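Please read it alongside the sequence and the model.

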Amino acid sequence: MSNVGWGTDEDGVIDALGMTTTEDRMTIPIKFKDMFEDDLKSLMAKECGGDLGEALQYLAVNPIEAECYMLQKACEGIGTDERLLYSILCGRSNKDMELLKKTYYKLFTEDLVSNATGEVGGSLQDVLMGSLQAAEEEYDLDYHTDDKAKEDAEVFYEAGQGSWGTDEAKIVKMIVMSPPKHLKLVNEHYCDSYGYTLFKAIEKELGGDSESALLFTLGIKLKPYETIAKLIKAACKGIGTDELLLTCTLIRYQNLLPFVCVAHEELFDKSLHDRIKKECRGDYEKLLLAVVNKVFPVE
């Protein structure tokens, strides 16, 4: 780690932290503290600013703490970053969610459930609350049968297209609480019976951030690599890049990036490396490319 007093060696820092894995980052902050009696995240905040500094701070702590700092960032200030919020909270396993809540409280002595749901309203609040409750059913072959999937597909239809008004709470509960294997079968039965997927049904019945959050939840459960690839593209869509969302997505999902890179190229006919080069500049670009190249290097 290079900090020689007259300026930070950004290339050295990028090599030291960018070319690490999530497993490396479980121990690096601890070893750094033991060796130099300094906090690595605080040092990155002091030495590097902007998007580069933000990304380096997330790389300077263990992965679950990084997610907690991302959530804190999503909730701070005047406006809530709903997209960052639901992309971190939705689609997690029960075990991962419980660990996230405990770590968040340990870092900030604040309740994640209250902080996250207090920042939003309406159906989005229902989606986040359902996810935060860590109540996804454990897959059970004796319970999650083909008949059960067919019945749930009908319930889903009656809660949406099959009635005059949308029962959003029922739709949210089914998507959030159903295990992935069961949802896959429900989706198949829905397609057979009604002619389109659960994804399309959600698009027809919901809107705004609640629709996006529920589509993301369903996507992570059924098509995780495509869903992450689409999230990356969404961060780069429009006039300006959402650097925070791009940073957080690449760092959080680094272990899955080999599969995400393949899905990204298949979906958009563009490599993830090329997208980063187009959207980012300077040392920030170098750092994000290092994170990707560590697990999916360009030949």
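Helix 10 gives the most to the negative patch, with five residues. The model is a predicted one, in which local features need pLDDT of at least 70, side-chain atom pairs count only at pLDDT 80 or more, and totals for chains, interfaces and linings use all residues. Residues are numbered from 1 along each chain as its sequence is written, and side-chain values use heavy atoms, with hydrogens and water left out. Helices (H or I, at least four residues) are DSSP runs, numbered from the N terminus.

**Negative patch**

- The patch of negative charge on the surface gathers D146, D147, E151, E154, E158, E188 and D192.
- Two or more residues each come from helix 10 (146-159) and helix 12 (180-194).
- A patch is made of residues with over 30% relative accessible area and no salt bridge, like charges being joined within 9 Å; Asp and Glu count as negative, and the place of a charge is taken as CG of Asp or CD of Glu.
- Accessible areas come from the Shrake-Rupley method with a 1.4 Å probe, and for residues only the protein chains shown count as cover.
- D192 is found in helix 12, and its relative accessible area of 67% makes D192 exposed (exposed means over 50%, buried under 20%, partly exposed in between).

**Salt bridges**

- The whole structure holds 11 salt bridges (a side-chain nitrogen of Lys or Arg within 4 Å of a carboxyl oxygen of Asp or Glu).
- One of them joins D11 and K286, with the closest N and O atoms 3.4 Å apart.
- This pair links distant parts of the chain, 275 residues apart: D11 is in helix 1 (residues 10-18) and K286 in helix 19 (residues 282-295).
- D11 is partly exposed at 41% relative accessibility, and K286 is partly exposed with a relative accessible area of 41%.
- K286 also forms a salt bridge with D283, where the closest N and O atoms are 3.7 Å apart.
- K286 and D283 are separated by about one helical turn because they are three residues apart in helix 19.
- D283 is partly exposed, with a relative accessible area of 25%.
- E54 and K73 form another salt bridge, the closest N and O atoms being 3.6 Å apart.
- E54 lies in helix 4 (residues 50-59) and K73 in helix 5 (residues 63-75), so this pair ties together parts that are 19 residues apart in sequence.
- K73 is partly exposed, at a relative accessible area of 28%.

**Buried histidines**

- H144 lies in the loop between helix 9 (122-132) and helix 10, and is buried with a relative accessible area of 3%.
- The side chains of H144 and E137 make a polar contact (2.8 Å); such a contact is a pair of N or O atoms within 3.5 Å, where within protein one must be able to donate a hydrogen and the other to accept it, and residues adjacent in sequence count only if both atoms are side-chain atoms.
- H273, in helix 18, is buried with a relative accessible area of 6%.
- The C-alpha atoms of H273 and L288 are separated by 8.9 Å, and the two residues are 15 residues apart along the chain.

**Positive phi outside glycine**

- T109 has a phi near 45°, a positive value in a residue other than glycine.
- T109 sits in the loop between helix 7 (94-108) and helix 8 (112-117), and counts as exposed at 58% relative accessibility.
- D269, which is not a glycine, has a positive phi of about 55°.
- D269 lies in the loop between helix 17 (257-268) and helix 18 (272-279), and counts as exposed at 70% relative accessibility.

Terms used. Patch = residues over 30% accessible without salt bridge, like charges linked within 9 Å, V, L, I, M, F, W, Y side chains within 5 Å. Buried < 20%, exposed > 50% of the residue type's maximum accessible area, 1.4 Å probe, protein only.
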